Amino acid sequence: MRSHLILMLLFVVPVVAAADEPSKEDLEFYNKRVRPILEKNCYECHSQKADEVQSGLRVDERQAIIQGGDRGTAAEPGDGEGSLLISAVRWEDDDLQMPPEEKLSEKQIEILLEWIDREIPFPKPPEKEKKKDKKKKKKKGNGSYPLPFSSLQFDRP
Ligand code: HEC
């Protein structure tokens with residue numbers, strides 16, 4: 001019985017950890033295998049570096065991929081097969097073949113598929129989001145009383 005419990009924990013713990021932050025292996029997979037493909041083949045048109053972001057889609061941020069572009073979400077974490085991104089790089093749809101000039105190799109497509117199936121691991125959110133949070137906290141603490149009278153009475157917009 002006890003060994004069953006330990007076995008269960010072995011499976012449960014990594015899943016819980018993944019919800020917060022990608023594992024070291026997943027991050028390494030992204031940095032070493034996925035990122036070079038995206039950088040070389042997609043950033044030109046789908047990143048902050050692009051002169052003009054094409055179809056509203058950026059692939060240089062996890063949230064941007066999930067949010068997607070004009071056609072909606074580009075990929076749901078864990079669902080590589082069902083994703084628009086994979087359909088696009090497989091040139092499945094005559095109207096959406098990415099990258100437009102030259103199809104990726106089978107191996108590269110497989111890496112992108114595995115990446116989405118691994119829940120789209122990305123390094124931590126960019127710095128600018130953290131800074132915003134700090135500002136907010138500062139503002140809250142600026143009242144002359146620990147709990148400003150107004151905040152007790154009304155919901156401010
Ligand atoms: C030379 C520019 C260019 C490159 C490079 C490129 N794309 Fe695109 N991408 C486009 C354009 C233009 C569209 C809009 C096409 C349309 O709507 O007909 C698009 C649309 C898409 C869409 C659909 C977005 C939406 O919601 O409409 C996906 C997904 C996509 N690209 C993925 C990729 C991926 C992944 C790569 C790299 C492997 C890539 N693209 C490389 C120009 C590019």
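The model is predicted: local features need pLDDT of at least 70 and side-chain atom pairs count only at pLDDT 80 or more, while totals for chains, interfaces and linings use all residues. Residues are numbered from 1 along each chain as its sequence is written.

Let's start with the ligand. There are 24 residues around it, and Cys42, Cys45, Gly69, Arg71 and Met98 come nearest (a residue counts as near if its C-beta atom, placed from the backbone, lies within 6 Å). The largest share, four residues, comes from α5. The shell splits by class as follows.

| Class | Members of the class | Residues in the shell |
|---|---|---|
| Nonpolar | Ala, Val, Leu, Ile, Met, Phe, Trp, Tyr, Cys, Pro | 14 residues |
| Polar | the others, Gly among them | six residues |

Now to α6. In this helix Leu112, Trp115 and Ile116 are buried (20 or more other C-beta atoms within 10 Å of the residue's own; exposed means 12 or fewer, with C-beta atoms placed from the backbone). Seen down the axis, the buried residues of α6 fall within an arc of 95 degrees, so they line one face of the helix; the arc is that of the directions from the helix axis to the C-beta atoms. They pack against α2 (24-41) and α5, where contact means C-beta atoms, placed from the backbone, within 7 Å. The face of α6 turned away from the buried side carries the exposed residues Glu106 and Lys107. After α6 comes Glu119, with a positive phi near 75 degrees.

Definitions and conventions: Helix = DSSP H or I, 4+ residues; strand = E, 2+ residues; numbered from the N terminus. Contact = placed C-beta atoms within 7 Å.
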